[in-house]
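Please read it alongside the structure below.

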Amino acid sequence: MAIEVFNRYENKYLFDNEAYLHLYNELLQYMEPDDYNKQHEYYSITNLYYDTAHHTLIRNSLAKPKYKEKLRLRAYGIPNGETKVYLEIKKKVFGLVNKRRTSLTLHEAYDFVRTGVEPEYKDYMNKQVIEEIKYFLTRYDLQPMVYLSYDRKAMFCKNNRDLRITFDTNIRSRRYDLKMEHGTHGEPLMEPGQCLMEVKAEKTIPVWLSKMLSEHQMYRTSFSKYGNEYKKMLRNSKTESESVLYA
């Protein structure tokens with residue numbers, strides 16, 4: 001069964017494709033690809049983020065509070081109505097990320113968030129997480145807000161499965177056609193050739209990894225996919241408003 005509850009620290013790094021290749025090959029001394037990319041290929045992750053009409057969740061997140069939370073729907077590849085997907089609550093408290101998720105079919109997930117009525121229980125669901133999401137839905141009037149997809153490679157440490165590193169590229173987004181089954185089209189969120197690395201660990205990262213990152217001159221950065229998409233949307237809206245004003 002897939003892990004449905006995570007507690008970990010996540011550190012992010014942004015660099016170009018050349019730096020990625022050097023680091024990835026060196027990491028293979030200590031780490032191995034996960035089950036989705038055993039042959040070192042990328043796989044597709046698709047997400048649908050929910051928010052209020054006034055963008056309450058992402059605005060709160062960008063204010064960098066001690067506590068923040070979000071709700072998203074995640075699939076591996078392009079799902080259809082009966083594909084198993086994950087409905088997730090992701091929280092961050094004093095830098096510690098807590099993620100709780102349950103499997104649902106895509107149609108069940110859509111209906112659950114739209115109506116707030118929990119689906120009829122099936123053995124692939126996590127009852128506790130469904131109850132938590134049900135409560136979450138009573139606190140916010142949520143709607144589908146942003147679709148985000150990207151190509152990922154992921155690695156686990158050979159002798160410590162608590163350490164995971166992911167590489168995301170070709171991040172794209174859209175605020176229209178918000179159906180996950182409609183494909184991965186969207187506007188690019190990063191410059192061509194850029195790569196976002198996330199180091200995910202339950203405790204501190206090992207000395208060998210800290211040393212490796214230092215040798216490659218890689219330093220932590222703040223990069224939220226949804227957050228950056230929201231800021232890009234605001235910039236575009238401002239530019240369009242100014243164009244109309246001065247036309």
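Strands β3 and β7 (residues 143-157) pair in the antiparallel sense over 9 bridges. Strands count as paired if DSSP finds at least two bridges between them. This is a predicted model, where local features need pLDDT of at least 70, side-chain atom pairs count only at pLDDT 80 or more, and totals for chains, interfaces and linings use all residues. Residues are numbered from 1 along each chain as its sequence is written, and side-chain values use heavy atoms, with hydrogens and water left out.

- Helices (H or I, at least four residues) and strands (E, at least two) are DSSP runs, numbered from the N terminus.
- Of the 9 residues of β3 (residues 43-51), 8 are buried, so the strand is largely enclosed by the rest of the structure.
- Buried means under 20% relative accessible area, exposed means over 50%, and partly exposed lies in between (1.4 Å probe, protein chains only).

**Arg152 in β7**

- Arg152 lies in strand β7.
- Its relative accessibility is 3%, so Arg152 counts as buried.
- The Arg152 side chain makes a polar contact with the side chain of Asp168, at 2.7 Å.
- A polar contact is a pair of N or O atoms within 3.5 Å; within protein, one must be able to donate a hydrogen and the other to accept it, and residues adjacent in sequence count only if both atoms are side-chain atoms.
- Leaving aside neighbours within four places in sequence, Arg152 is in contact with residues including Tyr43, Ile45, Arg74 and Lys225.
- Contact means heavy atoms within 4.5 Å.

**Salt bridges**

- The structure holds 18 salt bridges, each a side-chain nitrogen of Lys or Arg within 4 Å of a carboxyl oxygen of Asp or Glu.
- Arg100 forms one with Glu132, with the closest N and O atoms 2.7 Å apart.
- Arg100 lies in strand β6 (residues 96-105) and Glu132 in helix α4 (residues 127-139), so the pair ties together parts 32 residues apart in sequence.
- Arg100 counts as buried, at 18% relative accessibility.
- Asp111 and Arg114 also meet in a salt bridge (3.2 Å, N to O).
- Both lie in helix α3 (residues 106-115), 3 residues apart, about one turn of the helix.
- Asp111 is partly exposed at 38% relative accessibility, while Arg114 is exposed at 62%.

- The side chains of Lys200 and Glu198 meet in a salt bridge (3.7 Å, N to O).
- Lys200 and Glu198 are both buried.
- Salt bridges that share partners join Arg152, Asp168, Glu198, Lys200 and Lys225 into one network.
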